[in-house]
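Reader: Hi, could we go through the salt bridges together? Here is what I have open.

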Amino acid sequence: MDGSRIILAAHRGDRKKCPENTLPAFENALRFRADMIETDVHMTSDGALVLIHDRALKRTTGAEGTTDQTTLQDIRSLDAGSWFSHDFINTPVPTVEEFISLIKNSDMLVNWELKDYPCEVGEAFAFETADRLIDTIRKHGLEERSMINSFSDRVLEHVCGKYGSAFPIHGQGIYHCQRTNDSATVKQEELYNWCCLYPNEKGFTPLDFPENFEYCKKHGIFPCVCVPDHIDTYKKYVELGCRMFTSNDIYEADRILKELGLRLS
């Protein structure tokens, strides 16, 4: 994760063939040998860490309520797969521990996105989510394979302040691409090691703001994107200095990067 090679990250696992953020999606990404898995971390009301993108349970489980107001037992009883396909009926929401058990004996990198935001769940709860995740990462010796990510600069500032440079910090937005949920007391260029660039307005792409890539490079931040997997688009981002593609179709992304001579296996 030092920027020496371009990383192919599976966005929420293999979400093309499996329901996002489930063990089948992670298993496929691992089997396919993506470089990294990006996943989303929430804490339950009783302090367990689960992998699900939305705070609200409705979209991927059909249930009412939110992760922070639901116990682990109740979340584990939900069906997180049938919304995607009948082949995945009764696929549960996985825990962080289950995910680590799956990938710990591999060389898979992990982009852990902290999704509990101070503006939604309160600062204490959001910081506790981060602390519990990092304790778990350390317990399993995964520090060198882990990147900490969030749309909350306050959470990232907490991680930096408490754990120093133990983890690469992956932020969201620079300059025209500002999409964070809050702000930190330090500037983004002092906080981020990596930054995923998003357009701030509909109808734009990160390509419309090449100055953001220059800004990142000027401040020693590795720029990355999550964009449609097309070869012409990838070429342009590589030329701008992109060092990671977080992909919703790891098969097509792999094919493109190999065609561009940027991925060997």
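Author: Happy to. First a term: buried means under 20% relative accessible area, exposed over 50%, and partly exposed in between (1.4 Å probe, protein chains only). This is a predicted model, where local features need pLDDT of at least 70 and side-chain atom pairs count only at pLDDT 80 or more, while totals for chains, interfaces and linings use all residues. Residues are numbered from 1 along each chain as its sequence is written, and side-chain values use heavy atoms, with hydrogens and water left out.

Reader: How many salt bridges does the count come to?

Author: The count is 23 salt bridges, taking a side-chain nitrogen of Lys or Arg within 4 Å of a carboxyl oxygen of Asp or Glu.

Reader: What does Arg-132 form a salt bridge with?

Author: Its partner is Glu-128, with the closest N and O atoms 2.8 Å apart. Helices here are DSSP runs (H or I, at least four residues), numbered from the N terminus.

Reader: Switching topic, which pair links distant parts of the chain?

Author: Glu-97 and Lys-139 meet in a salt bridge at 2.7 Å, N to O. Glu-97 lies in helix H4 (residues 96-103) and Lys-139 in helix H6 (residues 123-139), 42 residues apart. Lys-139 is exposed, at 58% relative accessibility, whereas Glu-97 is partly exposed at 31%.

Technical notes
Helix = DSSP H or I, 4+ residues; strand = E, 2+ residues; numbered from the N terminus.
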